[in-house]
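Please look through the model below before reading on.

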Amino acid sequence: MHAEKQHHAFEPKLVAFVCTWCTYAGADLAGTSRMHYPSNVRVVKFPCTGRIDPVFILRAFQKGADGVLVSGCHPGDCHYMAGNFHARRRFAAFRQLLDFVGVDLDRLQFSWVSAAEGGKWVEVVTELTERIRQMGPMREFRELDAEEHWSAQLDEPEIRAAYNAIP
Amino acid sequence: MTLTLDNLHRLIDALLAKKVRVVGPKRTGAITVYAPLAKGTELDLDQLPRRSAKEVFFPPCETILSFEKRDGKTTVSDPDLDLLPETVLIGVRPCDAAAPGILDAVFSWDYDDPFYLERRKRTTIIGIACTASDDACFCTAVGLAPDARQGSDLFLVPLQGGGFAVESLDAKGSALKERHAALFSAGSNAQPLPLAVPAVDPLDLAKVKAWLDENFEHPLWQEIADRCAGCGACAFLCPACHCFDIVDEGGEGSGCRRKHWDACGFGKFTMHASAHNPRDVQAQRYRNRIMHKFKYYADKFGQTLCTGCGRCIRWCPVGIDIKAVLDEINGK
Amino acid sequence: MTSNHQNTETPLIDPACYAAATAAIRTEAVRLLVAGEVAAVVGYRAGRRTGSVMPDVATTVEAAGQLLFSPACQNNLALFLSKAKREVLPHGRVAIVVKGCDLRALAGLIGESQLRRDEVHVIGVACPGVFGANADLSKPLSAEGLARKCRACKVHLPEGVDLVAGTLPPLPDLPDLEAEEIARLEAMTPQERWAFWTEQFSRCIRCLACRQICPFCFCTQCLCDRNRPQAVDTSPRPAGNTAWHMVRAMHLAGRCSGCAECERVCPMDIPLNLLNRKMAQELYELYGFEASMQPQEQTPLTSYRDNDDQSFIK
Amino acid sequence: MCDHNKNIYKPYLATIDAIVDETPDVRTLRLVFQDEVVRDSFAFRAGQFAEYSAFGFGESTFCIASAPTRNGYIECCFRSVGRVTEALRRLEVGETVGVRGPYGNSFPVEQFFGKNLVFVAGGIALPPLRTLIWQCLDWRDKFGDITIVYGARTESDLVYKRELAEWQERGDVRLIKTVDPGGNGPTWDGQVGFVPTVLEHAAPSAANTIALVCGPPVMIKFTLPVLEKLGFTDEQIYTTLENRMKCGLGKCGRCNVGNVYVCKDGPVFTAAQVKAMPQEF
């Protein structure tokens with residue numbers, strides 16, 4: 001983004017699922033206020049955090065995200081009255097499930113960022129980016145995607161060559 | 001010729017040393033499944049594997065091509081079938097060993113499915129006579145037997161006091177035996193273990209088919225479907241069910257086209273994009289399952305799509321018993 | 001597994017208990033049909049094989065006289081009152097045979113407005129326990145064959161039903177294997193848990209028996225059957241399998257009745273109820289919610305409090 | 001046994017050469033094979049179908065709608081209703097699609113030589129007949145009278161509007177186009193009424209005539225009795241069936257109607273054959 005941008009060995013890919021009314025506006029404010037934050041984050045906006053299905057988070061990890069941020073309006077500020085209250089419970093439960101299945105919860109961050117909190121957006125994104133950078137790439141889901149059932153596997157060419165070499 | 005159990009294990013180890021993939025029944029957790037063996041002693045001949053051996057030839061899911069779009073150009077590449085592993089499938093009971101021979105017809109009529117046929121070509125099947133059955137087994141009712149040789153290249157008959165009598169049934173079997181001749185010894189006087197002949201009522205498959213020819217519409221279908229939950233357990237465990245779906249996975253930029261198991265019991269199996277569904281209710285779908293096995297496949301290829309392994313009976317979540325259904329049809 | 005706990009000569013539970021429940025079910029079913037109080041009784045009847053049973057929709061006195069209750073009565077018949085199977089029932093009021101765990105599913109369906117309590121005549125069974133997956137149904141019920149869910153069962157005796165069939169015998173005190181397994185997994189590192197679950201899920205063949213047998217999977221269009229967009233890959237590969245089982249656990253969180261049918265019917269022996277039970281535990285700890293034999297107006301994920309925990313949110 | 005290196009599931013690549021929007025949701029793609037050898041050698045018969053890929057979304061089954069007598073390209077025509085057809089619709093001229101085929105049987109056009117032909121089509125079901133119509137028009141002198149009865153719900157639902165105009169201009173074809181009552185605009189120059197009714201009024205003679213019928217099930221249901229009344233036997237009537245398919249090769253097991261595989265034994269059937277099938281389509 002800027003001349004003083006540091007080069008890192010690993011640039012994590014982050015996906016942020018945000019609500020359009022608060023966090024998206026907050027991120028927008030950060031931008032129009034010319035605040036700087038890592039460009040690692042791809043923002044996907046929704047009408048409300050209540051619309052953000054846990055399957056989106058799974059999909060993001062499967063498609064190669066190293067970290068996911070979910071962010072919306074502070075409790076009491078939801079434009080649809082209670083969307084974020086429902087989301088709060090849903091994600092509290094989803095975190096437990098992810099943890100039980102063995103996904104490192106440090107890769108998933110939730111936050112409340114209002115339309116006025118451009119600074120907080122910068123802080124949240126920066127902190128998550130740095131944390132994921134330290135953690136390294138999310139290997140688990142990517143390895144899973146490459147995995148085939150044994151019956152569908154082909155020989156490695158070397159194994160094949162070895163087989164052919166045996167009389 | 002005979003083979004001791006130890007030497008059977010040694011045979012597996014020798015094949016593995018030659019970079020051959022050896023697939024056989026293997027205990028994983030509480031169940032036994034066909035899986036590649038890492039050493040001879042992993043072979044578990046005590047249980048009928050939960051899934052049939054069809055997956056060796058017809059995997060639950062396989063990549064049939066991959067595509068990539070770059071700079072406005074799309075390229076498609078297909079898997080190198082020369083890299084399909086040479087395989088010895090070992091410890092296969094007659095109900096599983098007979099199935100590939102039945103499926104050859106559908107995978108090679110008119111259009112040859114290279115994925116299936118090339119695996120068939122590269123696989124040697126070592127069958128084993130069945131000495132343990134349960135009351136879901138009904139191989140004898142569909143024309144097979146606990147010592148049926150159909151489909152096996154080499155056949156083992158367990159002997160009293162351990163070890164197996166070995167019989168080679170074709171060139172593939174003889175070649176395997178000759179390559180490892182040192183492990184086999186001359187015939188012994190030991191008697192074979194008693195065969196596990198299922199105690200089931202016989203079926204007249206011609207009579208069953210004749211009834212199916214006439215009774216596309218019959219209250220029986222609804223009666224069974226009242227119970228059917230519409231899952232695919234029966235089809236996926238079946239050695240002879242072979243329906244599949246083709247899907248694109250990955251992204252728009254690059255990804256794979258995959259062929260994977262599908263089941264006629266699923267509601268969406270035949271549903272058109274327009275939402276019209278020729279087999280809209282479970283009774284139509286269950287009827288298709290029975291019809292396909294005992295009529296359509298016979299009409300097309302002169303064979304029955306059932307080997308009597310009993311898996312669909314043992315693992316039906318709602319206790320639907322295909323043998324009981326066939327008995328009922330047979331008795332009509 | 002504690003296989004030596006019980007030898008086969010003295011059965012784990014007195015078979016007379018099941019016989020008494022059977023007699024009571026038959027009497028009630030016949031009475032209901034004769035009196036015209038119901039159009040059908042959903043219960044269990046014997047299958048062809050020794051000890052096997054299957055669900056039955058009895059509409060005649062003859063059929064009602066053949067209903068039974070035995071340790072092989074594993075099915076949760078509440079499935080027949082969910083949208084998925086309800087079309088097979090005749091019109092009118094129906095009676096249904098339920099164990100305590102099935103009753104919780106029935107209550108859940110009522111809570112989710114899938115049916116009204118006055119549409120069903122509920123025959124509860126005093127259930128000492130049923131077989132688990134992989135059990136040999138032709139043998140007497142042993143500690144080894146007992147379903148894992150039954151070891152931790154708190155609803156042997158159904159409440160709020162129209163009739164309780166049978167009485168409870170003294171029950172064996174057996175260790176709660178499922179809780180032990182959950183504790184074992186919780187004590188692992190995340191990497192170890194990931195390895196455990198991905199190995200389990202890799203066996204999945206996507207037969208969808210878990211979905212089809214679940215009374216709560218009554219969506220007319222399952223998220224996983226939709227392809228615009230394709231939320232979960234349909235092919236039976238580790239990636240799609242993992243997503244599928246996580247999505248399912250999430251969709252059942254706060255709704256699951258704990259009948260463990262998904263685990264029993266899984267032909268690949270994947271311990272699915274561990275996921276459901278773990279979620280139930282967490283939701284109890286977080287929001288004090290438990291599946292109940294009484295219909296509840298709200299589930300924990302369809303309700304909220306202003307002061308719910310948000311310590312995990314920045 | 002077979003050529004093992006031939007992946008029967010691998011499509012040819014084709015470039016979208018032209019796009020025509022037939023109706024607001026029905027589109028024609030003209031496709032040119034990228035491989036020159038395929039372009040020259042790809043041959044098909046009227047009535048056959050193909051599997052068309054939108055890579056990343058999957059394959060969909062449609063008939064080949066262009067005439068076998070027109071070389072160098074093929075055309076398909078589809079309504080966007082599902083994942084694949086919507087993806088195909090998003091593609092632009094110059095982009096790549098996959099084509100597998102041709103599959104299935106075809107109209108026995110040689111048996112129609114010297115006979116009169118009556119084409120009866122409804123809505124989106126004109127494409128499977130259009131391939132044959134053009135073939136017959138290209139070989140016009142081999143056939144007797146050609147009558148086309150084509151209807152759709154509304155004027156805008158008619159496909160191949162420019163070709164309808166062309167057929168209307170020609171002196172050697174009798175085109176009767178119709179729209180359902182209420183579907184006609186102020187400038188509509190065709191008939192108003194349902195296809196079976198219009199067909200009955202047109203009353204083509206059954207003598208030495210073949211009827212080719214394609215349309216939605218409800219149209220077929222009411223058209224067959226009309227043809228019967230006009231004196232057509234079931235052997236004189238041809239139709240095409242469609243079912244959900246995945247492989248198109250007689251293997252995947254979903255397109256069967258009873259023991260008939262639409263992908264192999266069809267998609268072209270006589271009314272006699274259709275009547276012998278169980279009611280499962």
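This is a predicted model: local features need pLDDT of at least 70, side-chain atom pairs count only at pLDDT 80 or more; totals for chains, interfaces and linings use all residues.

Residues are numbered from 1 along each chain as its sequence is written, and chains are lettered from A and ligands numbered from 1 in the order in which they are written.

**Chain A as a whole**

Chain A holds 6 helices and 4 strands, where helices (H or I, at least four residues) and strands (E, at least two) are DSSP runs numbered from the N terminus. Read from the N terminus on, its elements follow the order β-α-β-α-β-α-β-α-α-α. The radius of gyration of chain A, taken over C-alpha atoms, is 20 Å, well over the 15 Å that the globule rule gives for 167 residues, so chain A is more spread out than a compact globule; that rule is 2.2 Å times the number of residues to the power 0.38. Along the principal axes, the C-alpha atoms of chain A fill a box of roughly 75 × 40 × 20 Å.

Of the 167 residues in chain A, 49% are buried, a word used for a residue with 20 or more other C-beta atoms within 10 Å of its own, whereas 12 or fewer make a residue exposed and values in between partly exposed, with C-beta atoms placed from the backbone.

**Chains B and D**

| Chain | Residues in the contact |
|---|---|
| Chain D | 37 residues |
| Chain B | 46 residues |

On the side of chain D that touches chain B, β4 (58–63) and β6 (96–103) each supply at least two residues. Chains A and D, by contrast, do not touch, and their nearest C-alpha atoms are 14 Å apart.

**Helix α3 of chain C**

Helix α3 (residues 100–111) of chain C has 12 residues and reaches 16 Å from its first C-alpha to its last, close to the 16 Å expected, which is 1.5 Å times one less than its number of residues. Because 11 of its 12 residues are buried, α3(C) is largely enclosed by the rest of the structure. The buried residues include C:G100, C:L103 and C:I110, and the buried residues of α3(C) pack against β3 (94–98), β4 (120–125) and α4 (148–151) of chain C.

Note on methods: Two residues are in contact if their C-beta atoms, placed from the backbone, lie within 7 Å.
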